[in-house]
Amino acid sequence: MFRHIEIQNLNDYFRQLNERETPGVYFYRINGYSDEIGRFIRQYYETARRNGVIIEGRLQNPDEKNLSYYNEMMGMYFEMDTGFIASGLKKWLPRMNDHQRENVALSLYDALFLLQKSGKTEYMLKNAYIKCMCWLYYKFERIVNQLGENQVPKILYEGSISYYELMIISILSNAGCDVVLLQPAGDADYLKSDAASKLSHVLKLPGMKDFPQDFSLKQVRDEIRIEADRERLYGKRPQRSGCTNAWLGADSSGLSDIRKSPAQRGNDPGFFYNCFCRISGAWDKTAYAAQLYQFGLDLKNSGRGLVIISESIGRPSSEEIAAVRRNNYAKLEQLIQDLSSNLVYAADMELQRMMRRAFVDVLFAQGQEAGSLNKLTSQAVYLICWLKRYQGQLFAGWKEPDISCFIYLGGCRDANEALFLRFLARLPVDVLILCPDLNRRCCLEDRLLYDIHYEHSLDLKLFPQESTDVRLATAAYHAERELDSLMYQDSGLYRARQFQKAHVLTLQTMYEEIPILWREEAKYRPNFKTADGQVYIPVIFAKISGVKDGNLSKYWQDIRELITDDTFVIKKVPFIEPDSANPMKAHAVEFYKRGRLLKEKIKAHPDYPYGFLREEIQDHILDKLELLINQKVIRGTFLNGAEYAIIAQVLNLPKELVRLIQKYDFTQKIPKLIYIATSEAVISRQDAVITAFLNRAGFDVLFFVPTGYQNVEKHFQGALMEEHQAGEYIYDLQVPNLETIAWKARTKWRDKLFKRGK
């Protein structure tokens with residue numbers, strides 16, 4: 001029988017028998033993991049798959065069919081004798097030679113003898129013998145005739161091994177088979193069967209950790225299959241592969257390394273040497289822009305292919321997308337193989353092969369995350385469109401060992417941009433991502449990416465490519481900006497128009513609270529908050545029915561007290577007639593397609609009425625318009641085309657309301673709408689759209705309905721606003737000239753506190 005010998009390193013397992021320093025076999029159990037062990041497991045798995053047996057989980061006990069066949073062929077007689085065992089093996093496993101049979105017979109006898117010594121009955125020994133014979137035939141028959149050969153057969157077992165499983169595997173090991181036990185759960189179960197660790201060695205290597213939680217041989221098998229599929233898709237491989245960042249110095253600053261010529265980076269003809277780097281923050285606020293300008297100038301003067309992008313790569317146009325040949329796909333491999341045919345670079349076949357290899361690599365990796373083949377198809381189409389858009393600038397006149405450069409200022413905003421930069425980084429291209437503003441996050445993640453961090457944050461939105469683009473800020477300017485950040489970051493103080501994004505929270509109040517809260521600035525109201533650069537504004541949206549105590553003079557005086565410089569008052573019902581002219585009606589259908597408001601198309605339209613407003617205010621209006629549609633607040637939305645009426649009306653607001661929106665600072669005074677309806681007339685759908693939109697845009701909106709009629713709710717879906725029953729209903733009122741009504745301004749609680757009340 002064969003001795004169990006110790007390894008010097010894991011590669012010893014793959015030596016032939018006559019190459020081993022001492023003739024013998026290896027039997028090791030592995031209870032920990034490292035990258036080296038991971039590579040060994042893959043290689044050992046492949047070897048065992050070709051010349052051995054792989055066991056995932058437990059060996060199944062012989063079933064009735066197995067036992068019936070054994071009984072038919074061998075009978076159920078048993079004798080505790082090596083001659084009997086050898087004779088049975090000759091009949092049961094005829095492909096074994098005499099030497100192999102002798103080794104297995106002796107090893108099996110020794111194992112049964114140990115059972116006998118431990119007190120097992122003859123009946124138990126017979127059952128153990130038959131179980132081992134069935135396992136040898138049904139599970140290990142493919143290797144029994146290779147035992148002891150120069151090409152040593154392998155057994156790979158994953159899991160917690162039982163006593164009888166260890167017994168049969170030890171028998172085969174003693175007869176000339178290498179064994180690896182993978183034990184992600186540790187050694188405890190094994191030591192129950194072999195407490196003295198006599199049957200195998202435990203592997204001990206530096207750097208071993210616990211197995212990854214998701215480790216399994218199935219995962220190893222899947223990785224091998226994926227790599228095999230990938231190899232088939234590569235076609236003819238390019239002669240060079242990427243050496244990305246490995247050539248960088250330990251103190252690399254990014255810019256200096258990208259300036260280096262290919263000859264300064266490395267000289268192995270099997271590699272191209274490129275850089276994939278992200279620099280977050282600025283090394284020097286006052287000099288950052290000027291140094292970027294000089295860096296870009298140096299690259300241009302070097303004659304290298306160069307693309308510089310600021311803020312956004314820009315979605316592919318419909319024409320770019322239409323030029324990509326694609327189909328419907330059932331499998332990832334089919335998708336990659338078909339779409340890769342779009343990657344054509346006739347000027348250099350070697351570069352085309354690099355493109356296709358990089359395409360296969362990033363899509364295989366992305367396919368594990370994307371989940372949906374439709375989503376992955378869209379991402380792949382974007383990637384192809386962008387490559388076609390920029391390959392002329394990057395690779396015009398390209399020849400080995402040229403390295404082009406792609407610079408992106410601002411950082412990746414979405415998965416599509418991140419995928420494109422990961423793709424470029426696997427080509428002979430230096431990819432540099434600049435993120436000077438530390439308040440913005442770049443979503444790119446990649447194992448090849450080299451991150452450099454600086455402590456200063458700088459708001460730079462345009463890469464300076466001309467000298468006129470360079471705006472050199474003084475140290476005093478940056479000091480002021482830093483002080484500004486300290487004062488207005490989580491301090492309760494807010495600078496003018498600090499926030500560009502706002503969300504609305506509608507307050508539920510008592511009737512008596514409305515005049516108290518009405519003149520309070522947003523930041524002083526309950527539930528006001530800021531988070532992630534956005535502000536949450538508590539607003540009032542209510543209907544007041546009836547007249548308190550029937551006191552009309554007090555009723556009109558209370559309304560007058562609510563009218564501020566930022567209040568728009570409607571006294572006529574309806575305010576906008578149902579058949580009134582609206583120039584945006586003719587275009588509304590163009591602006592909403594497949595559940596999306598086409599905001600950029602609206603902004604680009606020649607009749608777009610809000611182009612003169614601040615950009616963030618335009619975005620605010622369009623965001624709240626889309627929200628109003630999606631929430632189906634107005635009856636008939638998505639049923640009878642009400643969504644188009646909503647678009648037309650919000651894009652045709654009265655000038656006074658537009659000015660209030662433009663003036664709105666989300667943390668300060670809240671603009672207001674008061675709508676007084678004293679008759680049986682019902683508000684128009686246009687009025688309903690305006691009031692619901694202004695509520696979502698952050699206005700306080702109050703309806704005064706002394707009649708208590710349901711004339712406000714007709715066009716609203718559900719209970720949209722809070723209704724307060726203030727007093728008795730009074731009819732046929734005429735709205736007086738509110739400006740002539742005398743009133744006394746209500747003193748704010750803060751004015752009382754600081755003795756500023758009149």
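Q: How many aromatic pairs are there in the whole structure?
A: The model is predicted. A search of the whole structure finds 39 aromatic pairs.

Q: How do the rings of Tyr-33 and Phe-211 sit?
A: Their centres are 5.7 Å apart and the planes are at 50°. That falls between the 30 and 60 degree cut-offs, so the pair is tilted.

Q: Which parts does that pair tie together?
A: Two loops. Tyr-33 lies between strand E1 (27–30) and helix H1 (35–51). Phe-211 lies between strand E5 (201–202) and helix H9 (217–234). The two parts are 178 residues apart in sequence.

Q: Is Phe-211 buried or exposed?
A: Buried, with a relative accessible area of 9%.

Q: OK, what about Trp-92 and Tyr-137?
A: Also a tilted pair: centres 4.5 Å apart, planes at 35°. Trp-92 is in helix H3 (residues 82–92) and Tyr-137 in helix H5 (residues 122–138), 45 residues apart.

Q: Why does Trp-92 count as buried?
A: Because its relative accessibility is 3%, and buried means under 20%. Tyr-137, at 27%, counts as partly exposed.

Q: Which residues do ring pairs link into a cluster?
A: Tyr-13, Phe-14, Tyr-26, Tyr-28, Phe-40 and Tyr-44.

Q: New topic. Which ring does Lys-131 lie over?
A: Tyr-164, at 4.8 Å from the ring centre.

Note on methods. Residues are numbered from 1 along each chain as its sequence is written. This is a predicted model: local features need pLDDT of at least 70, side-chain atom pairs count only at pLDDT 80 or more; totals for chains, interfaces and linings use all residues. Side-chain values use heavy atoms; hydrogens and water are left out. Rings of Phe, Tyr and Trp (its six-membered ring) pair if their centres lie within 6.5 Å; planes under 30 degrees apart count as stacked, over 60 as edge-to-face and the rest as tilted. Helices (H or I, at least four residues) and strands (E, at least two) are DSSP runs, numbered from the N terminus. Buried means under 20% relative accessible area, exposed over 50%, partly exposed in between (1.4 Å probe, protein chains only). A charge sits over a ring if NZ of Lys or CZ of Arg is within 6 Å of the ring centre and within 35 degrees of the ring normal.
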